[in-house]
Amino acid sequence: MAKIVTFDQEGAVGLICIDNPPVNAISHSVRGRLVDVITRAGKNFGIKVLLITTDAELFSAGADIAEFDHPQGEPSFAQVQTMIESSPIPVVAAIRGLALGGGLELAMACHYRLAHKNAKLGMPEITLGIIPGAGGTQRLPRLIGARAALNMILSGTPISGFDAKANGLVDEVAEDDLRGAALDFCERLVREGRGPRRTSNGTVVDGLDEANITSTLRSHARALQGRTTQHLIIEAIQASKLPWSQGIAIEAGLAQKSLASRESMALRHLFFAERESARLSGTSLNAKQMQAPRIRLAAVIGAGTMGCGIAIALADAGLEVLLNDNDPAALIRSHKSINLTYASSVRRGRVTQTVADERIRRIRNAPTLEELADADLVIEAVFEDLELKKNVVSKLDSILPPQRLIATNTSTLSVTELALATAHPERVLGLHFFVPANTSRLLEIVRTVHTSPESLSTTFGIAKLLRKVAVVSGDAFGFIGNRMMLDGYFREAEQLLLEGATPTQVDTALENFGFAMGPQRVSDLGGNDVGTKARIQLFKRDTRPDPYFVIADRLTEMGRLGQKTGRGFYRYANDSREATQDPEVNSIIEKLASERGISRREIDEQEIVERCILSLINVGAMVLEEGIAARAADIDVVWTSGYGFPRHLGGPMFYADTLGLSHVLQRIRHYHEKLGHHWRPAMLIERLASASSSFEHRDRTSASP
Ligand code: T1G
């Protein structure tokens, strides 16, 4: 207990150090200790100024999110901050690394703030579906203005120490020795007799009129699609114009409201689910605590779209990369697309030209497989053909020392069959990247029964190195994400088209539900032929009753591959990404439907959404009961970070729990009766519903009922 906040005296300065690993969360106990040490300092008249800081990497990641489901407990944030702000002697905060949410609010309750040059100051509460609830919506506008405060809180993205100095949030930026600079600053305060400077006494210099609000909301429109927290944030910041006591009371009420919202519960679920997915269930393996694997040189085989994206992701992570392809023309083309990708990153200000040049330099061609012998990791991303891939991994197996990792980027083939094509199946596993591989957050790690724990832990380390959200999947058709997409979500979307809905109706319904893009538009973006090829591989080892993607496969036959051919489910004029309806597609669908005696009818948005989402959930439950996914929460991470499922709904399995599994089961049974076998309810849903249980409960007890 004593260790989390320490107190020391340096001359006239009372030094308060927060030390609550791993992220200096301002938990209930930290607040208690802060009150203790500030009270004690108050009795020591030799102390003329208090300095709050830390020796840890970061100042504080904010309030303890794990405490949100319980009453805050005394002392509350407000009590600690009132104690700090009303202190008769000046209180200074010295910020190193991150100061986020309640951590920054604590610093704003102090009278003066210094930041290290590498500090990052932010209010990420909106990413958790809550508003800043410890004075942030009242003090930040007083320090930087209401408009800047609204923008900072709606974006949730931290700003640098220098930007914080420029907008008045901090008083000084320290080059290297933050502690030294802060102590100098404190002594200067004492020397100059400068007292406390209470932000709550300040006023907000600018206002928030409709035009500001509209333009600020517009600039965050994409991130805020389907969200509601922003409205509470605006209301709270508008209250900062009122006298302090009124504004802070309004903030407290709105903070409670946001905390109780479904949106916040969903986003908090994902916060912990993304950290939990880094733990290999049933083992002590936790990617977050793992040493980064000693990987210096990586190699990618196959210089197509995925291969180039993976090479860029590896170069962005600081690795030297060898790019191999048995087609010399493909290698030449690859560097054109790699240069184009970096050029657009420079144009968007994501990297500087120097950094881009450095990363491009690190991706070198290696025309022969033998040149990959020194690679610490090799990822094959060649054409999705089993025999071709078997040939590649068995050759690699003879070239690479046995402890080196061989990963396959297959999205539909059996990783086990590929592993067994080598003499060392324990070092072969799937690293399933998502388009675009260099920016998509998700990485499905596909393990086989042969995969060694060492290989698995190394891949976790690689995921961390690539800053990807890693989820472990068992080796079965489509792993977690594609299986649910093909056998559930997309399949039902096609069924609805055969029964009378148009591609626009289906896509609009799912986009209104919260997906960034509807299923038909996604299929056109990825290429309808990609899906067709995946199904050809599927049908080599399994069957699916007709109709199963008969529309997409017909479009592929007709060369309507999607955006890349200007026609797919939609028409795309002159290489644009603008999808326009194509009446020819409706007649193709009508013909396929009449060939199967499927009668067509008007279908409303509610039915479209319900059928697509429930089939996603149903197949998700099958993936869980088959042990392909270890946790329902892992499925939520896969779908929100790799397939565009709306984060503010928490993912398909969390969403199912909010609907209630009895209701979900009742609706699935309704469609089973109406639409047939592929709607048979997953046994897990039947078991959980009959036990009035939930996926969340299953994860927590992780014992099937
Ligand atoms: N509370 C509790 N635990 C936290 C935490 C927090 N605020 N932040 C991180 N952790 C845990 C996390 O679960 C993990 O645990 C470990 O720390 C390492 O985190 C009043 C109400 C700081 C950028 O939204 O964004 O203040 O899995 O794996 O990748 O208005 O954590 O190891 O057991 O993520 O280096 C606002 C949340 C809170 C910041 C570090 N603050 N944290 O990233 O490590 S709301 C936030 C992060 C608030 C006030 C309101 C990141 C990070 P475990 P990690 P990382």
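Biologist: Which residues form one aromatic cluster?

Modeller: Start with the pairing rule: rings of Phe, Tyr and Trp (its six-membered ring) pair if their centres lie within 6.5 Å, and planes under 30 degrees apart count as stacked, over 60 as edge-to-face and the rest as tilted. Here F434, Y489, F490, F513, F515, W639, Y643, F645 and Y655 belong to one cluster. The model is predicted, so to speak of a local feature takes pLDDT of at least 70 and to count a side-chain atom pair takes pLDDT 80 or more, while totals for chains, interfaces and linings use all residues. Residues are numbered from 1 along each chain as its sequence is written, and side-chain values use heavy atoms, with hydrogens and water left out.

Biologist: How many aromatic pairs are there by this rule?

Modeller: The count is 15. One of them, Y112 with F185, is edge-to-face, at 5.7 Å centre to centre and 65° between the planes. It links distant parts of the chain, 73 residues apart: Y112 is in strand β6 (residues 112-116) and F185 in helix α7 (residues 178-191). Helices (H or I, at least four residues) and strands (E, at least two) are DSSP runs numbered from the N terminus.

Biologist: Are Y112 and F185 buried or exposed?

Modeller: Buried means under 20% relative accessible area, exposed over 50%, and partly exposed in between, using a 1.4 Å probe and protein chains only. Y112 has 4% relative accessibility, so it counts as buried, and F185, at 3%, does too. F513 and F645 are also an edge-to-face pair, because their ring centres lie 5.8 Å apart with the planes at 75°. That pair spans 132 residues, from helix α19 (residues 503-513) to the loop between α25 (632-642) and α26 (652-659).

Biologist: Which residues touch the most other members of the largest nonpolar core?

Modeller: In soluble globular proteins, nonpolar side chains tend to be buried together. A nonpolar core is a set of buried Ala, Val, Leu, Ile, Met, Phe, Trp, Tyr and Cys residues joined through side-chain atoms within 4.5 Å. The largest one has 78 residues, and W639 and F695 have the most contacts with other members. Helix α24 (residues 605-625) supplies the largest share of this core, 12 residues. A separate core has 60 residues, including F7, I38, L143 and I153.

Biologist: With which side chain does the side chain of D397 make a polar contact?

Modeller: A polar contact is a pair of N or O atoms within 3.5 Å; within protein, one must be able to donate a hydrogen and the other to accept it, and residues adjacent in sequence count only if both atoms are side-chain atoms. For D397 the partner is the side chain of R427, at 2.7 Å. D397 sits in helix α15 (residues 386-399) and, at 10% relative accessibility, counts as buried.

Biologist: What is phi of R467 and of F479?

Modeller: Phi is near 55° for R467 and near 50° for F479, each a positive value in a residue other than glycine. R467 is exposed, with a relative accessible area of 75%, whereas F479 is buried at 0% relative accessibility.
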